[in-house]
Every structure is written in C-alpha cells, then in structure tokens.
Amino acid sequence: MPPLDDNRYLKGGPVAARIIAEVRAAAQKATEEGFRPKLVSITVGDVAAVDVYVRNQRAKAELAGIDFEERPFPAELTAGELEAAIHGMNADPRITGIIIQRPVPPHIPIKAIQAAVHPLKDVEGMHPASIGNIVYNQLELAPCTAAASVELLKATGLDLKGLEVVVVGHSEIVGKPIAFLLMSEGATVTVCHHMTRSLAAHARRADALFVAVGKPRLIKADMVKPGAAVIDIGINAETLPDGSSRIVGDVDTESVKEVASWITPVPGGVGPVTVAILLRNTMVALNRQRAVYRATFGTAEATLAAE
Ligand SMILES: NC(=O)C1=CN([C@@H]2O[C@H](COP(=O)(O)OP(=O)(O)OC[C@H]3O[C@@H](n4cnc5c(N)ncnc54)[C@H](OP(=O)(O)O)[C@@H]3O)[C@@H](O)[C@H]2O)C=CC1
Ligand SMILES: Nc1nc(=O)c2c([nH]1)NC[C@@H]1CN(c3ccc(C(=O)N[C@@H](CCC(=O)O)C(=O)O)cc3)C=[N+]21
C-alpha cells in the first residue's frame, strides 16, 4: 500500500463550501419570499469547549445569509428557567432554529432540555421525535456531527451498500446516529464501545472506520485495514511542552495515514462540515415551518378566494 498522498486526506473544507453555497442560495430565496432564516445558539455558563464551534457557526451563518443570535445564560440558571426561555423561542415566529451547545452544567438535565425544543425548530436533530425519524429512514434532518461524518464518507465515492463499517463510540449525539444513518444507506454496521472485547479485531475488519470517543490517538495503524476510509470525529485539546495547545482527534493520524486510503484531518475534517450541516438543517426546519404555515393559513385563503 503506497503511503497516503495529500489528495487522500478527506478534507472538510470543500464539502462544507459546497453545502454552504447551497444553503446560501436557499436562504436568499426564502428571505426574498419573506421568510428570513434565523438560528439561536444557547450556552449555559462559561463553556470554553464550545467557543470554537460557536465562532464558526456565526461566521458561516453570516456567509450563508442566516441570522445568528447568541443567548448566553448564567451557570446558576435553573432547568425550569431554561425551559421557559426555550418555550418563548418556540413561540417566536422570527426564530427558525434553536441549538443548545453542550456541555451544560450538571444540574441541567440535557435530555429534558433538548425535548423542550419544538421538533420543528430542532436543527440539531436531538429531540426524541427527530431521532425517531432517523430510525424510520427519514434522514433529511439528522444530528449534525453524524450527518457530517457520513457526508465525508460519501465524498470518497465508496458504495455504502454492503460496506463493512465499524463505529467506535455510541453516544446519542454522535455514535448512535452515525450507525442509524449508515444502516439506512445499506452498510453493514458494527458498533463498538468501552465494553467491546477486542476493539482492534473489529476495527481491522472495517472498510470504513468512524471514531467518536474523545481519546487522543486511540486508533493506531495496526487497528486499521489497509485501504480503509477513516473518519476521525474526536476533538481533543492537547497541551504541548511549551505550554501552547492544539486540537487532535481520536486517531493517530501520523501512523494511520500510512495504511488508510482516506483519512479526515483534525482540525480541518469533520468540524467544518458539522457547521455546514447545522445551517442546512436550519433550512430544512424553515421549509417545514413554511409548510405548516401554508397548511394553516393557505387553506383559509384558498377557501375565501373560492367563495
Ligand atoms: N466534530 C464535531 O463536530 C464533534 C466532535 N465531537 C468529539 O467527538 C468525541 C466523542 O464525543 P461524544 O460522542 O459526545 O462523547 P461521549 O463521551 O458522549 O461518548 C464517548 C463514547 O466513546 C465510548 N468509549 C469510551 N472509551 C472507549 C474505548 N476505550 N473504546 C471504545 N469506545 C469507548 C463510550 O462508550 P461507553 O458509553 O460505553 O463508555 C461512548 O459511547 C469527542 O472527542 C468530542 O469532542 C463531539 C461532537 C461534535
Ligand atoms: N449541542 C452540541 N452539538 C455539537 O455538535 C457540539 C456541541 N454541542 N458542543 C461542542 C462540540 C464540539 N463541536 C465542534 C464542531 C465543529 C468544530 C469546528 O468547526 N472545528 C474546526 C475548527 C478548529 C479550529 O479552528 O481550531 C475544525 O475542526 O477544523 C469544532 C467543534 C461540536 N460540538
């Protein structure tokens, strides 16, 4: 197997740019028709871990013509107060989508809070109803990171039907939705987690390996099948001896790139595509809201016109 040349890095930039261009055209059309999309980002407390994510969301939303508003709440906020604020946003027709940045403080029950977001405004695809849609093969509004990871695998041109795929990590926000999306596309999916007996034995069988664990360099070259596609979802901050910090994934990229045919870099891989999918989901949400609006008010108009 020849060493991976630069072309085989599965970079997120071009995929994200294509999606954002599509979103921009759709957002412009919707705005002209009187429905300007708007995304609201909720953070609770001082969460340094999401700073980069929120900064990129704002920058790309501006590029796409989607309004972006940050609503920071103090760490002492109660779950009831946060739910009330979300109900207010659900009822506000100017707001298209709501994203609750993770993590939230331990006294806030994240599942209940995610369920408080109206499914029509759930641009993260984390409401139980949204997750349920994925199980029923309705894939147009999926959790952003999971959808981004699958989008990158598709960019390899590999046929997903019957593809042997291994997903490492089974969180509700990343690993599990990746597995459901891939099953819907016809892949044969194995899901590994911390109780899996031999991670290496499973991982080595994969034509496509997805890793979402949160452990730097968990996946080494001897755990990867030659020629495989490796999608590294991990985002881990690492402090260097000189005190500076950098972001690394869950895959030992240096060694794995000698074995794999495709590998997503960190940074510059899944991250930028995640942001693009969030914006695409915002347009999916807007279109659904418009359909409800038409069904509610358009009919009355048609009835009046007919009279
Ligand atoms: N690029 C992006 O857009 C995003 C990146 N991330 C990154 O992805 C990574 C995962 O995030 P998230 O899913 O939220 O994390 P969680 O901590 O919620 O989940 C980690 C998963 O890894 C599993 N796991 C833990 N240790 C092992 C092990 N040794 N071998 C196999 N599996 C193991 C856990 O299994 P168990 O539950 O059984 O212990 C769990 O399912 C993080 O680095 C995070 O920063 C997250 C969101 C977005
Ligand atoms: N409800 C919720 N959903 C999430 O999906 C979620 C979250 N909370 N909390 C935090 C994590 C982390 N995350 C990132 C997504 C993109 C980049 C990103 O765009 N990264 C770029 C830039 C990195 C840089 O500039 O250093 C890259 O990887 O190239 C980073 C981090 C989403 N997460």
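Predicted model: local features only at pLDDT ≥ 70, side-chain atom pairs only at ≥ 80, totals over all residues.
Local features are given where pLDDT is at least 70, and side-chain atom pairs count only at pLDDT 80 or more, whereas totals for chains, interfaces and linings use all residues. Residues are numbered from 1 along each chain as its sequence is written, with chains lettered from A and ligands numbered from 1 in the order in which they are written.

According to UniProt, in an unreviewed entry, residues 143–289 carry the feature "domain: Tetrahydrofolate dehydrogenase/cyclohydrolase NAD(P)-binding"; such annotations may be inferred rather than shown by experiment, and positions follow the numbering used here, with feature names shortened. This span is 34% helix and 19% strand, and its end C-alpha atoms lie 19 Å apart. Helices (H or I, at least four residues) and strands (E, at least two) are DSSP runs numbered from the N terminus.

An open, parallel sheet is built from 5 strands in the order β5-β4-β6-β7-β10, where pairing requires at least two DSSP bridges between two strands. At its edges stand β5 (188–192) and β10 (262–263), each pairing on one side only. Parallel pairing joins β4 (residues 164–168) to β5 over 5 bridges, and Val166 faces Thr190 of β5. Helix α7 (residues 175–184) packs on the sheet and touches β4, β5 and β6, contact meaning C-beta atoms, placed from the backbone, within 7 Å. The direction of α7 makes about 170° with that of β5; axes are lines fitted to C-alpha atoms, for helices over the stretch in contact, and angles run from 0 to 180 degrees between N-to-C directions.

Around ligand 1 there are 24 residues, of which Gly169, Ser171, His193, Gly214 and Thr274 come nearest; a residue is counted if its C-beta atom, placed from the backbone, lies within 6 Å. Helix α10 (residues 270–306) gives the most to this shell, with 3 residues.

Notes:
Contact = placed C-beta atoms within 7 Å.
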